[in-house]
Amino acid sequence: MTRYCAMVLAAMVTIAPKQIFAEEAADVADLLSESIVSTPSKGLESASHAAATVSSISAEDLRRYGIRSLDEALNFLTQSVVVTDPTHAKESGARGVLLTGDYNNHFLVLLNGHALNEAWNSTAYVDAGLGVPFELIDHIEVTLGPGSVMYGSEAMLGVINVVTRKANAYSGVSTVTELGLSVPIDRAGNLAFEESFGRTGRFGLGYGRTQKLFGKPAELVLAFEWRSGLRPAFELGPQDVIDPATGRPKNFGARAMPGRWGGWIHQARQERVPSAFAQLTVGDFSLWLRSAEYFRQSLIIDSTVMSYGDFDDPRNFERDRWFNLDARQRFALGHGATLVARGFADIYAYRWTNASSASGDCPAGMARGCSQLLTSHSNTYGGEVKATVDWTEDGTVVTLIGSEVRLRRADSRLEYLGGSVDNQYQKHDVVEAVYAEQKFVPRAEFEMNLGARLDHYPGFGTALSPRASAGAAVWRGGRWRTIYSTAFRAPTFYELNYRDAIQIQNPHLGPEKVWSIESSLEQKLGAQKLSFGVYYSRWERLIQYATLPELERAQAVSDGRIAPGTEVAYEYRNTASMTSLGVESRLDGSIAPRLTYGVSGTLARSRVDLGDGSTPLPLTVMPSAYGNARLAYELPNDLPVIALATRFEARRYADRNFDGGFTNGARVAPRLDVKLTLTGPVANVRGLGYRIGTGYSFARVGPYVVGPNLYATDGSSRPEFSPVERLYAFVGLEFAPDQ
Amino acid sequence: MRCLDPMNVRYREVLLLRLTVTLAILLTWVAPNHALAEDVEVPVDLQVSLVTRVAAYDRNFSVRAGQRVLIWILVTRGNADSERIAKQLEAAWKRVQFVGGIPVTVRTVEYGEPDKFKERYKRDVPTVLMLSAGFADAAAMVAKSLEGASLLTVTAIPRYVDDGNVVLGIESRSGKPALVVHLARARHQSVAFKPELLKLARVIR
């Protein structure tokens, strides 16, 4: 760690300003590089003075580094966040913590401050499934650490706020067209050019306009995007499996040999994400709507989405659909007071299908296999009122108070087509919350922030989420900040109501909780900015899939909650806890007028205690050391910007390392990805720009065990790991004559 | 009509919805009619820091300032946003002692009649004029009154610059502060920015 810090400091000294710019130019550039954020306190402030560690990714960086989805932005451009690819929807972690299989419900994802995590399972997507037209994004604010003080449930790892462009930055008609190719991968992780390439396409159309309406300034923004594609062909297996129900080789459908799972995946690799967004602002009133779909076929058997099923069957898929509405009215009340009233609605539908030709995967009587269909819906309607009072009218003592009400409704139904219906429920509740924050800025060099939020859920009662932070200028260009913050995650409708033949329902689950303490130092040296921080977080009452004790299992059998003869039964319980301790640093700046760079790194030590008396274990999937680096150079005139981005993850445990029963465990090698992008204007055509890029991953596999043998079958079993898209290229054209 | 049990969730939903609608109607009624969508997108402290540094790029700044830099903050009386932002600007400027080594004086000026405004301008001769919010309809009149004057006008409402009524705008672009310069307006008001600054700004020619 000492060597790591020394390297960062040495880099800082090396590129410290050597009169590269004139002093004033550096001063102005320094101020213009200061991020303005709105996530930590629901109001505009400089990132350096915010009550949370927050980094901002600009639209310019998204474009110049060839970023095409949120997961790429988080991996290549921000600090302390990792997004991994389990071959279905991608999973996110931060500061040494990633909870695999959580559908990102430990990160709160916002669109213009509006929560996108849906109500049924608190799912949010951090990949193409974000479902927001990508060219519409103005910037992305990534707040690290617990953040329930302002937003309530789910903000345990942090808050990702995607902020869309206003009409003045999106004026006129604009279009983008992008095509991509990725190379197939064989079972050894080698490139296989003779197989079916992955193909992706993206088309976007936008329109923005400002004018006066009813005598008030008005803005209209419309955006639509269609993403569609096929992942590259992957070769997997072979894995030999005997069906325990029949004692014969297991049937994996028409595209696999009996008893043998594996081969090339050609069929089940389609993804599709259409999305649309519209915003109208008139005076102090603003209304936006968003609608999107995220369809993806289930590529392979894994631990989360498809624990069994036919090989390479396009009938196995997941599909999410959303409709969101957000309307807000702002009131300037005089004497430094403003008030915002907001109403919102979120409608969500989820569909999952899984087909298996093996009778062992199906209920009794379905000897030729079965198809399952899970359909779930959730609706949220709510309102929020918040008021800000600047008591001294100079920003030194500012109070924010707010309250929020959400009416939530969810239903779900799991059906064996042509057979039984299971796990069917329809639930609703009302969640109420109040929050307050007090800022003190007694001197320009010092600020303090105290806040708390109280959420009330009818199921488990209340959750209090306090936060305290203090920051001060310690010397010229140096700023210190210490933050204590907390968060919780309410049990989802899914967790509260799930039950099957071997799992009993637990309607008494409580909230997961986390608290964190962190301290950081930020140093500005002209156009360079270095930050270094340490953090410790403790997670408690984590919900996990727990084995039912013998007595409780017997009771559940006797009262009919699980099938007679069940030898091992399960239940969701608040039993696990976790700690994470780490250091993180970041260096950004420019070392010449046309050369910009950024480096970030995190070292973390995390341990999870399952609460069953066993020794705490390191987390799987999440690396203990990771980071990224990037460099962009603007060639003069109409020549392109050349941008190189890299990311690194140290050696890490795969998801089934500790419980898979593999003799030598399941660990994957370090990962290094590089990405090169050229962007620039097309000569003599106003508003036409191009983007060409390619990326390569040195990693051969990802940190997930896949296939029907997720667990070792004997002492010689070796885990098979998830494939990685290793080589890809893309080309795009954008036309925005009025921007 | 079917009676609802007060303990029933459905009853609470209906009650809460009614309360929300009632509150929204009340707020619309009690809010000042002249409230306008003109909140700034860049924190006031950051605006002031930028102006103190950008001023050094105006070749005529020292001559214009003479012995003291007089900052005028122009406010629309009765407009809550305008008054709030003006007060924050005034507080932020009071923390600044010098610009380019010249001492700073700050004054908040209420905008009313164009003729009186012009008269007062001629009397005080400010060095920098910062427009608060609330000038959507009056920015053009302010610009007309200042025709031929030597003055750096600044605003954090970029629309005023886009319309050619203010020399320098401070806007938010991709989550960062950004500068907008209206060159024709700058020429009319004897503001001559150095090319180094124009390279950092969105320039309207």
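## A walk through the A–B interface and chain A

In this predicted model, the side chains of Asp137(B) and Lys212(A) meet in a salt bridge, with 2.8 Å from N to O. That pair makes a handy starting point for a look at how the two chains come together.

**Where chain B touches chain A**

The rule finds five salt bridges across the interface of chain B and chain A. Several elements of chain B each supply at least two residues of the side that touches chain A: helix 1 (9–30), helix 2 (44–54), helix 4 (80–94), helix 7 (158–162), strand 6 (168–173), strand 7 (176–182) and helix 9 (195–200). Helix 1 of chain B gives the most, with nine residues. If you sort the residues on this side of chain B by class, you get 26 nonpolar, six polar and 15 charged.

As for the extent of the interface, 47 residues of chain B are in contact with 48 residues of chain A. About 4,000 Å² is buried between the two chains, and carbon and sulfur atoms give 64% of that area. Polar contacts are found here too: twelve residue pairs across the interface, with both residues at pLDDT 80 or more.

**Salt bridges, within and between chains**

Over all chains, the structure holds 70 salt bridges. One of them joins the side chains of Asp326(A) and Arg342(A), at 2.5 Å from N to O. Because Asp326(A) lies in strand 17 of chain A and Arg342(A) in strand 18 of chain A, the pair ties together parts that are 16 residues apart in sequence. Here are the two named pairs side by side:

| Salt bridge | N to O distance |
|---|---|
| Asp137(B) and Lys212(A) | 2.8 Å |
| Asp326(A) and Arg342(A) | 2.5 Å |

**A cavity lined by strands of chain A**

Strands 17 and 18 of chain A come up again when we turn to the cavities. The structure holds 13 cavities of 30 Å³ or more, and the second largest cavity has about 310 Å³ of space. Which elements give two or more residues to its lining? They are strand 17 (317–334), strand 18 (337–356), strand 19 (370–390), strand 20 (397–416) and strand 22 (446–457) of chain A.

The lining of this second largest cavity counts 28 residues, and Asn117(A), Glu118(A), Glu154(A), Arg406(A) and Arg408(A) lie nearest the centre. By class, the lining divides into twelve nonpolar, eight polar and eight charged residues.

**Two backbone details in chain A**

Two spots in the backbone deserve a glance while you have the structure open. The peptide bond from Gly237(A) to Pro238(A) is cis, its omega being near 0 degrees. Pro238(A) belongs to strand 13 (residues 234–240) of chain A.

The other spot is Arg95(A), a residue other than glycine with a positive phi, near 50 degrees. To find Arg95(A), look in the loop between strand 5 (91–94) and strand 6 (107–111) of chain A.

Definitions and conventions: Residues are numbered from 1 along each chain as its sequence is written. Chains are lettered from A and ligands numbered from 1 in the order in which they are written. Side-chain values use heavy atoms; hydrogens and water are left out. Contact means heavy atoms within 4.5 Å. Buried area is the accessible area (1.4 Å probe) that two parts lose on being put together, summed over both. A salt bridge is a side-chain nitrogen of Lys or Arg within 4 Å of a carboxyl oxygen of Asp or Glu. A polar contact is a pair of N or O atoms within 3.5 Å; within protein, one must be able to donate a hydrogen and the other to accept it, and residues adjacent in sequence count only if both atoms are side-chain atoms. Helices (H or I, at least four residues) and strands (E, at least two) are DSSP runs, numbered from the N terminus. Ala, Val, Leu, Ile, Met, Phe, Trp, Tyr, Cys and Pro count as nonpolar, Asp, Glu, Lys and Arg as charged, and the others, Gly among them, as polar. On a 1 Å grid over the protein atoms alone, a cavity is a set of points where a 1.4 Å probe fits but cannot get out, and a pocket is an open set with protein on both sides within 12 Å along at least five of seven lines; lining residues have an atom within 4 Å of a point. Grid points are joined across faces, edges and corners, and a volume is the space filled by probe spheres set on the points.
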